[in-house]
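Got a model open and wondering what to look at? Let's go through it together.

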Amino acid sequence: MKSSVYDCVILPLSKINNRAGNITIVEGNKNVPFEIKRLYYLYDIPGGEDRGGHAHKELHQLIIAASASFDVMLDDGTNKKIVTLNRPDYGLMIVPGIWRELMEFSSGSICLVLASEIYLAQDYIRGYDAFKSFKNGN
Ligand code: TYD
């Protein structure tokens, strides 16, 4: 699979400002380029813990720091890049075939994930060697 870390882009999301607070709206096939079939969020992450450590075969995701901040390390088997997420009105789109690790969670972080598919255990590639084989078409 040829997907690259450069296909994983930061998407600015709509933001309605109000003196009583802000609203950000995310709509599938409108401001994210896929249908949203599932939403989940990571929270209460102890300091120093990492998450992720896998890739997906088909899944597209939009990852948002709904609160506080964390880093996402992306790896396509050739190139790596680290993206810091720290604003609730920006999302990082991760395309299929990208190894990701989430780290450096600050206190109170909420990692909101919008996903293009329902949960399927067989869509995960959990070992880095298996990921490299997948990228090489094996
Ligand atoms: P996992 O995706 O491995 O977490 P992370 O990448 O954030 O470290 O999921 C952790 C556990 O939760 C794993 O046992 C699978 C389960 N899970 C579901 O049952 N449904 C879901 O939609 C998700 C995202 C995870």
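This is a predicted model: local features need pLDDT of at least 70, side-chain atom pairs count only at pLDDT 80 or more; totals for chains, interfaces and linings use all residues.

Residues are numbered from 1 along each chain as its sequence is written, and side-chain values use heavy atoms, with hydrogens and water left out.

Reader: Is Ser116 buried or exposed?
Author: Ser116 sits in the loop between β11 (110-115) and β12 (124-125). Strands here are DSSP runs of E, at least two residues, numbered from the N terminus. Buried means under 20% relative accessible area, exposed over 50%, partly exposed in between (1.4 Å probe, protein chains only). Ser116 has 5% relative accessibility, so the residue counts as buried.

Reader: Which backbone nitrogen does the side chain of Ser116 reach?
Author: Contact means heavy atoms within 4.5 Å. Leaving aside neighbours within four places in sequence, Ser116 is in contact with residues including Phe34, Glu58 and His60. At 3.0 Å, its side chain reaches the backbone nitrogen of His60.

Reader: Why does Leu62 count as buried?
Author: Leu62 belongs to strand β6. Setting aside neighbours within four places in sequence, its contacts include Leu11, Val26, Phe34, Met93 and Leu112. Leu62 counts as buried because its relative accessibility is 0%.

Reader: What separates the C-alpha atoms of Leu62 and Ile10?
Author: Along the chain, Leu62 and Ile10 are 52 residues apart. Their C-alpha atoms are separated by 9.0 Å.

Definitions and conventions
Helices (H or I, at least four residues) and strands (E, at least two) are DSSP runs, numbered from the N terminus. A polar contact is a pair of N or O atoms within 3.5 Å; within protein, one must be able to donate a hydrogen and the other to accept it, and residues adjacent in sequence count only if both atoms are side-chain atoms.
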